[in-house]
Amino acid sequence: MIRFLRLILFFVFVNCYLLGQSDKIYNPVADSLFKSGVEFFKLGLNARVLRGDTAGMIYFSSAYLNFDSIISLDLNHRTTASYIMASKALCYLNRFGDAEKLLKKFIDRFQESEYIEDAFYTLGLIYVKFGEYKRALLSFDKAISKSKYEKLKYIDVVSAVVDSISVSELGEIGKFELTPEVRYLIVRRISDGLASSGKVENAKRYVSNQLRYFQGTEFYEKMMLQINYYDRLLVRPKVKIGVMLPEKQSLSESILKGLEIAIDEHNLNSNPKIGIDVKYYTSRDVDQKLINFKNSPDVLAIIGPIYSEDVQLCARFGDQVKIPIISPTATSDGLTELSKYIFQFNSNYTIRSKTLAQFAIFALGLKNFIILAPNDKIIKPFVDAFINEVERNSGKVIAIQFYRSDETDLRPYFRNLITKLDSLKISAPVGEVVSEEIGLFAPIINSDFIGIISSQIYYHDLKVKILGNDVWNNFDELYMNRRYTDGVIFTSGQYIDRESYSFKNFAKLFREKFGSDPDDFSIYGYDAGRLILKIVSEGKLTSDEVYEALKNYEMAGIGRDVIFDAERINKSVSILVFKDSLIRKLSQWVVSQ
């Protein structure tokens with residue numbers, strides 16, 4: 001949270017550095033000093049961007065001196081703007097105490113200034129820097145009260161400050177006269193804390209007592225919905241997530257353990273409390289295990305089955321069971337078309353190929369493509385989707401070569417591709433420049449082909465950008481062939497930043513509970529569980545409500561972002577690159593239709 005506020009502090013100080021004129025007496029000296037001060041200020045900002053937070057001090061010092069000189073002159077058309085700019089320059093000079101004094105002086109002198117809102121907001125950010133969150137919150141409240149437009153633009157930073165203040169102190173602040181925006185955040189924080197500790201009746205009573213403050217505002221209906229949510233919690237204290245996992249498989253236990261961590265977190269901090277109903281299946285009885293959930297009104301959603309073929313077997317009963325079925329790992333095309341209750345947490349083959357084509361065209365600027373792929377039914381959907389997406393976006397597929405899956409000598413196919421590329425250059429109209437770099441889409445079934453394909457590209461000195469499917473995401477093969485694979489780009493259904501706070505926190509909880517480190521499948525379970533639990537914590541307490549919410553829902557997970565729409569397939573795909581002997585994420589791409 002502190003890091004978030006530090007970033008907010010920087011960007012807000014940048015936000016309004018070009019302030020307009022007021023209606024005071026024009027002073028040419030003040031005008032010249034102001035313009036010069038702004039230029040120094042901009043130079044300071046540029047120095048920080050290029051060389052880090054400690055750079056640009058000499059420029060900010062010069063800017064401050066200019067603005068301070070204007071303040072010392074008789075009242076003029078640049079006086080009020082100079083107060084604000086001088087305070088911002090002082091903040092960049094780490095003179096927050098001086099900035100505070102200057103802003104207080106401005107507020108005392110110019111209550112009707114058009115910059116009073118900015119003064120209170122900047123003052124609030126200074127108090128955040130001091131760790132004085134109560135004073136910060138009251139300053140932000142003043143800024144909101146002075147704001148004529150877009151009051152909700154402050155919500156993120158105010159919410160972060162509210163989360164930093166104890167509940168008892170928030171109760172004291174609630175006795176002040178506050179804007180509805182700030183009071184709403186305080187009421188939600190206090191009521192959610194009461195409910196999560198099991199005092200749902202107290203939470204309902206507290207919100208009901210606060211309703212009078214929101215009469216005639218947009219928050220009144222939100223408060224009423226919150227009261228309704230607590231009423232429902234009181235009559236339904238516990239619900240369940242159904243789980244369907246293949247029996248006697250290690251990945252099943254990994255997924256279940258990840259889900260248990262998500263549920264532990266939820267039950268510690270939120271309501272209603274969630275249980276698990278686990279059913280282990282075989283390929284012979286997977287559909288019957290699904291049917292067993294049919295008359296389970298307390299089951300809000302089902303995580304599983306795992307494999308695409310098992311999802312297909314269950315699909316014919318999905319519309320009977322009428323509970324959202326979220327497969328965390330299935331990737332085959334067409335699964336969601338079999339039943340309106342099926343959701344694919346993992347993007348399918350078509351989505352990934354479309355993503356790669358869009359990224360190549362819009363992010364890399366490629367227009368011409370060649371394709372080298374095994375002649376296999378598993379790969380065909382990748383190739384068809386890629387071609388269609390390239391052509392839909394005005395690109396060209398100028399050559400396609402299919403090889404047998406058991407072939408390892410691909411030299412004839414590369415010769416054919418080179419011949420086609422050479423003929424393209426020869427046949428180009430006079431004066432037309434053919435792009436030197438071509439996109440080579442090379443989906444593979446076996447990671448052994450990483451070295452075979454990349455070495456042939458290097459040997460033939462082909463000027464291509466290699467674009468691969470998920471099978472290219474094999475560090476050992478990429479590293480072993482790093483002489484040829486540097487710069488290869490490929491898709492991935494899951495990418496885990498093991499240095500992120502969210503992963504480290506999850507791994508810590510996992511080790512404490514199970515005495516071992518989490519694997520990739522446990523993150524599938526954790527993220528899928530969090531998706532459902534997040535919806536439940538927002539007040540969706542029946543399977544129908546969860547189903548409707550899922551159809552248009554977004555969530556940032558540890559292993560992936562999740563973006564569902566009416567098609568019920570995750571539209572978010574990681575784009576990775578192997579560069580300098582490391583696999584890095586280039587983009588989290590959301591495929592456009």
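**View A. Isoleucine 370 faces alanine 399 across the E6-E7 pair.** Isoleucine 370 stands opposite alanine 399 in E7. E6 and E7 run parallel and share seven bridges. From E6 the chain passes through H17 and on to E7, a right-handed β-α-β crossover. Right-handed means that, with the strands pointing away from the viewer, the path from the first strand over the helix to the second runs clockwise. The model is predicted: local features need pLDDT of at least 70, side-chain atom pairs count only at pLDDT 80 or more, and totals for chains, interfaces and linings use all residues. Residues are numbered from 1 along each chain as its sequence is written, and side-chain values use heavy atoms, with hydrogens and water left out. Helices (H or I, at least four residues) and strands (E, at least two) are DSSP runs, numbered from the N terminus. Two strands pair if DSSP finds at least two bridges between them.

**View B. Seven strands form an open, mixed sheet.** The strand order is E7-E6-E8-E9-E10-E13-E14, and the pairing is mixed. Strand E7 (396-403) and strand E14 (582-590) are the edge strands, each pairing on one side only. Neighbouring strands are turned by 25 degrees against each other on average, direction ignored. Axes are lines fitted to C-alpha atoms, for helices over the stretch in contact; angles run from 0 to 180 degrees between N-to-C directions. Strand E10 (residues 488-492) pairs with E13 in the antiparallel sense, over five bridges. Within this pair, serine 492 stands opposite serine 574 in E13.

**View C. Helices H16 and H17 lie across strands of the seven-stranded sheet**. Helix H16 (residues 349-363) lies across strand E6 (368-374), strand E8 (438-441), strand E9 (464-468), E10, E13 and E14. H16 runs at about 95 degrees to E14. Helix H17 (residues 380-392) lies across E6, E7, E8 and E9. H17 runs at about 175 degrees to E6. Contact here means heavy atoms within 4.5 Å.

**View D. Five strands form an open, parallel sheet.** The order is E2-E1-E3-E4-E5, with parallel pairing. Strand E2 (273-281) and strand E5 (342-344) stand at the edges with a single partner strand each, so one side of each has no neighbour in the sheet. The twist averages 25 degrees from one strand to the next. Strand E4 (residues 325-327) and E5 run parallel and are joined by three bridges. Serine 327 stands opposite glutamine 344 in E5. Strands of a sheet pair through backbone hydrogen bonds, either parallel or antiparallel.

**View E. Strand E1 is mostly covered**. Seven of the nine residues of E1 (residues 238-246) are buried. Buried means under 20% relative accessible area, exposed over 50%, and partly exposed in between (1.4 Å probe, protein chains only). E1 pairs with E2 in the parallel sense over nine bridges. Valine 239 stands opposite isoleucine 274 in E2. E1, helix H13 (residues 250-269) and E2 make a right-handed β-α-β unit. E1 also pairs in the parallel sense with strand E3 (residues 299-303), over four bridges. Glycine 242 stands opposite isoleucine 302 in E3.

View F. The whole structure holds 27 aromatic pairs. Phenylalanine 60 lies in helix H3 (residues 57-72) and tyrosine 92 in helix H4 (residues 79-92), so the pair ties together parts that are 32 residues apart in sequence. Phenylalanine 60 counts as buried at 0% relative accessibility. Tyrosine 92 counts as buried at 4%. Phenylalanine 343 lies in strand E5 and phenylalanine 564 in the loop between strand E12 (561-563) and strand E13 (572-579), so the pair ties together parts that are 221 residues apart in sequence. Phenylalanine 343 and phenylalanine 564 are buried. Ring pairs link Tyr341, Phe343, Tyr547 and Phe564 into a cluster. Rings of Phe, Tyr and Trp (its six-membered ring) pair if their centres lie within 6.5 Å; planes under 30 degrees apart count as stacked, over 60 as edge-to-face and the rest as tilted.

**View G. Charged side chains sit over aromatic rings**. The charged end of arginine 183 sits over the ring of tyrosine 213, 3.9 Å from its centre. Lysine 279 lies over the face of phenylalanine 293, at 4.8 Å from the ring centre. The criterion is NZ of Lys or CZ of Arg within 6 Å of the ring centre and within 35 degrees of the ring normal.
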